[in-house]
Amino acid sequence: MSNFVDLRSDTVTKPTPKMREAMMKAEVGDDCYGEDPTVNALEELAAQKLGKEAAMYVPTGTMGNTAAIMTHIQSGEMVIMDSECHIYYYEMANVSSLAGAMPLLASAGEGCLDPDKVESYLLNTRHRPKTSLICMENTHNRAGGRVVPLENMESIYNIAQKFEVPIHLDGARVFNAATTIGVDVKEISKYTDSVMFCLSKGLSAPVGSVLTGTSKFIQKARIARNRLGGAMRQAGVIAAAGIVALQKMVDRLQEDHDNARTLAKGLAELDGIDIDIEKVDTNMIMIDTRPLGMKAEELAGELNKRGVKISIYGLHTIRLVTNKDVSRSDISLTIEAFRDLVNNLT
Ligand SMILES: Cc1ncc(COP(=O)(O)O)c(C=O)c1O
């Protein structure tokens with residue numbers, strides 16, 4: 001066991017004993033023939049939770065998003081998204097290289113899309129390829145785990161409906177968003193045509209994400225998954241942990257959010273740590289390292305020496321993410337590590 005407090009991401013979470021037990025006992029079959037009962041059960045549960053007709057298990061969130069885009073559009077078309085979204089920023093240009101789309105950026109800041117920019121893209125169709133999809137992300141990772149408000153989702157959805165353009169939600173952490181807003185996740189997914197969510201982040205499953213949508217969409221998405229090499233065989237062994245994640249791990253996400261707030265409040269009291277607590281919506285904290293006179297890399301190195309791992313998110317930005325393997329005492333240790341660092345600077 002490592003002695004580090006690992007705040008790099010919620011992806012570092014280890015499977016729970018219940019997950020390991022479920023994995024050991026999982027009934028399996030060849031999922032390419034639709035014969036894995038555990039994968040089928042996970043897909044049914046996921047579709048029902050998100051209020052969609054059907055679902056498809058995928059190894060990663062990246063594959064789920066890529067398969068969704070490939071299914072919604074034709075190569076050569078355009079997809080509206082935010083310039084900081086995961087699909088644009090991190091997913092290896094799959095939106096262009098694999099789906100053949102050109103991204104159209106319509107950011108409004110804080111993870112939201114600008115309804116006016118979206119509408120004007122959809123209105124101006126002369127001399128341009130068709131705009132066939134809008135992608136949103138909730139919670140928004142690079143915005144610091146911010147929740148995209150339901151009002152923003154609704155206004156983008158109303159525009160999308162008017163122009164008959166579907167919305168895909170990168171809902172890697174959509175259950176965190178629902179927890180903070182205090183609604184059933186269906187209140188978010190109702191403003192979308194497809195949703196990808198991850199089992200392997202705050203929900204702590206070792207592997208897997210799920211793409212949800214209409215039955216027709218998912219049937220087509222299975223072909224995209226095949227093209228990406230993501231059709232698996234006795235995948236029930238890992239899907240079993242996903243079922244436990246959905247049944248047992250959603251209700252505890254508030255604990256991660258509370259820990260993030262406690263950490264943010266503790267850190268904000270230290271000289272040179274400038275955190276806007278009101279922006280800590282979920283399990284993430286972003287810190288600008290400039291008031292400490294340090295670059296992110298240098299600060300990460302200093303924290304590492306003090307037993308805390310964090311992520312570098314820009315030249316002068318670090319990200320801290322609470323998760324089920326970070327306890328209250330780890331939060332205190334982290335505040336003490338920062339205090340020691342700050343005291344040694346002055
Ligand atoms: C918002 C968001 N979407 C998608 C993904 C991709 O998930 P995966 O790492 O399973 O491909 C991530 C991963 O961190 C993410 O944060």
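**Figure 1. Met56 in strand β2.** Met56 sits in β2, the strand covering residues 54-58; helices (H or I, at least four residues) and strands (E, at least two) are DSSP runs, numbered from the N terminus. The model shown here and in the views below is predicted, so local features need pLDDT of at least 70 and side-chain atom pairs count only at pLDDT 80 or more, while totals for chains, interfaces and linings use all residues. Residue numbers start from 1 along each chain as its sequence is written. Met56 is buried, because 28 other C-beta atoms lie within 10 Å; the term buried calls for 20 or more other C-beta atoms within 10 Å of the residue's own, exposed for 12 or fewer, and partly exposed for a count in between, with C-beta atoms placed from the backbone. Not counting residues up to four places away in sequence, Met56 touches Glu43, Val210, Leu211, Ile218, Ala221, Arg222 and Arg225, where contact means that the C-beta atoms of two residues, placed from the backbone, lie within 7 Å. Leu211 is 155 residues from Met56 along the chain, yet their C-alpha atoms are separated by 5.2 Å.

**Figure 2. Gln234 in the loop between α10 and α11.** Follow the chain from α10 (215-227) towards α11 (236-248), and the loop between them holds Gln234. Gln234 counts as partly exposed because it has 17 C-beta neighbours inside 10 Å. Its contacts, leaving aside neighbours within four places in sequence, are Val28, Gly29, Asp30 and Asp36. A further pair to look for is Gln234 and Glu35: 199 residues apart along the chain, their C-alpha atoms are separated by 8.8 Å.

Figure 3. Around the ligand you will find Thr11, Thr60, Gly61, Thr62, His86, Glu137, Asn141, Asp170, Ala172, Cys198, Ser200 and Ser209; a residue is included if its C-beta atom, placed from the backbone, lies within 6 Å of the molecule. This shell divides into two nonpolar, eight polar and two charged residues. Here Ala, Val, Leu, Ile, Met, Phe, Trp, Tyr, Cys and Pro count as nonpolar, Asp, Glu, Lys and Arg as charged, and the others, Gly among them, as polar.

**Figure 4. Helix α3, residues 61-72.** Two residues of the ligand shell, Gly61 and Thr62, are also among the buried residues of α3. The helix is mostly covered, with 12 of its 12 residues buried. Among them are Met63, Asn65, Ile69, Met70 and His72. The 12 residues of α3 should span 16 Å at 1.5 Å a residue, and this agrees with its end C-alpha atoms, which are 16 Å apart; the expected span is 1.5 Å times one less than the number of residues.

Figure 5. Across the boundary, 14 residues of domain 1 are in contact with 14 residues of domain 2. On the side of domain 1 that touches domain 2, the elements giving two or more residues are α12 (253-268) and β11 (284-288). Of these, α12 provides the largest share, four residues. That side of domain 1 divides into three nonpolar, six polar and five charged residues.

**Figure 6. Strand β14 and its partners.** Strand β14 (residues 317-321) is largely enclosed by the rest of the structure, because four of its five residues are buried. Five bridges join β14 to β11, and the two run antiparallel; strands pair if DSSP finds at least two bridges between them. One place to look is Met286, whose bridge partner in β14 is Arg319. Strand β13 (residues 311-314) is also antiparallel to β14, joined by three bridges. Gly314 stands opposite Thr317 in β14, and the hairpin of β13 and β14 has two residues between the strands.

Figure 7. Most residues other than glycine have a negative phi, and most peptide bonds are trans. Asn138 and Thr139, however, are joined by a cis peptide bond, with omega about 0°; Thr139 is found in the loop between β7 (131-137) and α7 (150-163). His127 has a positive phi, near 60°, and lies in the loop between α6 (115-123) and β7. His127 is exposed, with 5 other C-beta atoms within 10 Å. Glu164 also has a positive phi, about 55°, in the loop between α7 and β8 (167-170). Glu164 counts as exposed, with 8 C-beta neighbours inside 10 Å.
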